[in-house]
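Have the viewer open and follow along.

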Amino acid sequence: MLKRSIGIGVLCFAGHAYSAEINITTTEDVVKDDKECSLREAVEYLNIDLDDRPDDGYMGCGGKDASSIIALEKNKVYKLVKKLEIKSSMDIKTLYDTNVSETAVAGLNNATIEMTGQEQIFYIDNDDDSTAAVNLKEINLQGCGKNICADKGGIIYNNKALTLDSVKLLGGYARLGGAIYNVGLSSSSTTVASSLKMMNVLVADNQAVDGAAVYAQAPSFKIDNTVFKNNTSTSGQAIVFTLAGSANADKLTFPSRINYIFNSTFFKNKGFAVNLKDGLGVNNLTVMKNTGGVIFDSAFGQAYLANSIVIGNDLAGTLQDCSVADTASDKSILFNNLVSQADCPVGISGNQNTVLQNPKLIAGDDEGVCKTLLDDSNALMCPYSTPSNTFLGYLRPRMLLSYANVFSSPILNKGETTANGNVNFVACELTDQRGTSRLMDNAWCDRGAIEVTVPTSIAKLGKDIKYGEIAQFNILESLGDSDLLPKEQCEAEVGPNPAGTPWQDGCLVIEQKWSASKGKTVLNLNGDLTYTPNGNWHGSDDFNIKIITSSTRFNEQVEAKYISALVTIYQEPNGTMESKTVETSGGALGLFSLMSLLGLIGLRRFK
């Protein structure tokens, strides 16, 4: 083990010593011939043709062995007074000084590039027909926050191949494209000149007349696992706005996956979420509480909305889930969506849309803590929230107590993985917004951006305490996408409590591991677990807890209704140096995420 540790250490050291990345050593926006390297100097250096770059670098940046990767330091703020013009291929990313035991969640420690002047941050164009690929990874881009930062593209003007991964786009203002203006067409207006790819991106608090988040002359973008929140289109048009459909759209094969928006959430934006033009596919979206849902504008039937939730979008009390640009010419395809507007277009026969009029949307405030199933028994979704140690928030579907089985939900199990004779069939995506695998080995998947999953077990829970203290922690994040079953429902599900006492929430059962119980455990519907020791003893109390959730209750066998977890409470006198810390619910969530990647059981397995 010692040799292995030394070997890894040497490799890490070597990686830092011989890295060809261009490390930014100052947060100021300067161009000065010194030993410091600013972001502007690094970009200007990489803009020089490769064969002409000086071997000794430029203004303190680069050099003979330099790559085209610009590295920023995590959590640092880099200020700009004017835009950066990018004319060649380059990567700009946050650098993590990691070791073998550290695991970082993408997006949580991003460096920030902030515009302090009144311009956009990046202007990506080299004024010719040559290609250039620009990749931005794990960076926050903070726009100028003033009206307006730029006419086209409040944060980014793109006329090349741009990829964003684990990026935040915040506070951009423009006439067209509050965050991004994507040219999309060459001057001949027939061929694609630029492209945009967005993965794991938060686009929030941007504003434009059209395209509060993204404006594109044509659908030349791929957007996946992205959240659009609190953006404003002052014209009421689409947050992701496309001016014209793809060239030769009539020659595309349905369903086209060339340009798309998949596995994404539009929440509380002012304007419609997206306008559907030919050549654009939209699948597994959650579109809620915007002032508009989707605008349908397809002349050739090569635009589709599938497996999505588009409900509760209205302007001043007028429902606007759907809007058709021209009812006489529109041929948009809708397949297997949940909508709350009865006059949404339905296309030709074979679609499986569901209309749910006047639904109760959110259990609680728009954002924050979800109400329990007793406090709100009707709302379809939990509030928008961002769980601990995650980058993007989401709206979680609820399994209501009123549902007789898992098919009762208008969201869960309403997606189909095989065509079953449907002409307009579009399958669910393989993963959801969080990267959780959708279960494709069964017949059903879930509508919307989130695939509801349930862990088979929970990682070890517990806490260290001193004499006279009690242990308290919350287990809700360990339950996956479920809620605890109220104690009032327990007897109907599993009969009387075998302990001979009234049921607690979650139908809590405690099984001691090595010794008799040394304390009392109480669990409430909010997921708060409280352990009170029965005296000042030194050591541990180890026991299993078994609980039933709103989802697992549908399993037929009693034992299968329970999820279990090992709990260890370690108590010691004050002033001792010994540490027996165990995982709390945060660690359980880490295992839950891993189990999701390995194939958590979804509600299909309950059938």
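In this predicted model, Y181 stands opposite Y215, a residue of β19. The strands β15 (residues 180–182) and β19 (residues 214–216) run parallel and are joined by three bridges.

Now step back to the sheet around them. It is an open sheet of nine strands with parallel pairing, and its order reads β4-β7-β11-β15-β19-β23-β25-β27-β32. Because β4 (84–86) and β32 (322–324) stand at the edges with a single partner strand each, one side of each has no neighbour in the sheet. On average, neighbouring strands of this sheet are turned by 15 degrees against each other, direction ignored. As background, strands of a sheet pair through backbone hydrogen bonds, either parallel or antiparallel.

With a threshold of 30 Å³ or more, the count comes to one cavity. The largest cavity holds about 40 Å³ of space. Which residues line the largest cavity? They are T26, T27, E28, D29, L39, R40, Y78, K79 and L80. Two elements, α2 (39–47) and β3 (77–80), each supply at least two residues of this lining, and β3 gives the largest share, with three residues.

| Class | Residues in the lining |
|---|---|
| Nonpolar | three residues |
| Polar | two residues |

Terms used
Residues numbered from 1 in each chain as written. Predicted model: local features only at pLDDT ≥ 70, side-chain atom pairs only at ≥ 80, totals over all residues. Heavy atoms only, no water. 1 Å grid on protein atoms, 1.4 Å probe; cavity = no way out; pocket = protein on both sides within 12 Å on 5 of 7 lines; lining within 4 Å. Points joined across faces, edges and corners; volume = space filled by probe spheres on them. Helix = DSSP H or I, 4+ residues; strand = E, 2+ residues; numbered from the N terminus. Nonpolar A, V, L, I, M, F, W, Y, C, P; charged D, E, K, R; others polar. Pairing = 2+ DSSP bridges. Axes fitted to C-alpha atoms, helices over the stretch in contact; angles between N-to-C directions.
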